[in-house]
Amino acid sequence: MPSKREQVIEAVVALVKAALPKAVHYRNEVKQRTIPANGYVNVDDGDPGDPEVTLNPTTWIYEHELPVEVAANAYGTKTAEQRLDVMLQAIGSAVAADRTLGGLCDYLQVSAAATEPLTAEGAKVSRLAVVGITAVYGTTDPLN
């Protein structure tokens, strides 16, 4: 059985895939050079950080931030910014609809997006956003 950490990461990946079913999805990949027609999403495992520890029973409580890269091209009459905004709203709605990942974590939240241009000379106009999805969860063993 996967560790609690891995279960949470897999659940976040599944949540993002369900929110953006037409996008190409990656996990822990480097920034892509080309952006597919329906955009791409890359969920990084992130860093669970230093936990708070409670005693009796001993529980490690993490606020684990998973960086999520979302990228889109301009297409038809829609700008890259408009397409990216629609993708980000879909992720935000999915998080709001399942704040506990089906009971796997105590709380799930998403941070505001930091955006940057990705356009190379002669290429389609494209944008990238990085958002953090933070999962708060507890475990009785930091490696399990």
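1. The protein chain exposes about 8200 Å², of which carbon and sulfur atoms supply 51%; accessible areas come from the Shrake-Rupley method with a 1.4 Å probe, and for residues only the protein chains shown count as cover. This is a predicted model, in which local features need pLDDT of at least 70 and side-chain atom pairs count only at pLDDT 80 or more, while totals for chains, interfaces and linings use all residues. Residues are numbered from 1 along each chain as its sequence is written, and side-chain values use heavy atoms, with hydrogens and water left out.

2. The secondary structure comes to 2 helices and 7 strands, taken as DSSP runs numbered from the N terminus (helices H or I, at least four residues; strands E, at least two). Along the sequence these follow the pattern α-β-β-β-β-α-β-β-β, and the C-alpha trace spans about 60 × 25 × 25 Å along its principal axes.

3. Of the 144 residues in the protein chain, 38% are buried, where buried means under 20% relative accessible area, exposed over 50%, and partly exposed in between (1.4 Å probe, protein chains only).

4. Helix 1 covers residues 4–19, and its 16 residues should span 22 Å at 1.5 Å a residue, which agrees with the 23 Å between its end C-alpha atoms; the expected span is 1.5 Å times one less than the number of residues. Its buried residues include Val8, Val12 and Leu15, and the buried residues of this helix pack against elements including strand 2 (40–43), helix 2 (80–97) and strand 7 (126–139).

5. Beyond its neighbours within four places in sequence, Leu108 is in contact (heavy atoms within 4.5 Å) with residues including Val12, Leu101 and Ile133.

6. The count of aromatic pairs comes to 2, where rings of Phe, Tyr and Trp (its six-membered ring) pair if their centres lie within 6.5 Å, with planes under 30 degrees apart counted as stacked, over 60 as edge-to-face and the rest as tilted. The rings of Tyr26 and Tyr40 have centres 5.9 Å apart and planes at 75 degrees, so this pair is edge-to-face. Because Tyr26 lies in strand 1 and Tyr40 in strand 2, the pair ties together parts that are 14 residues apart in sequence. Tyr26 is partly exposed, at 25% relative accessible area, whereas Tyr40 counts as buried at 0%.
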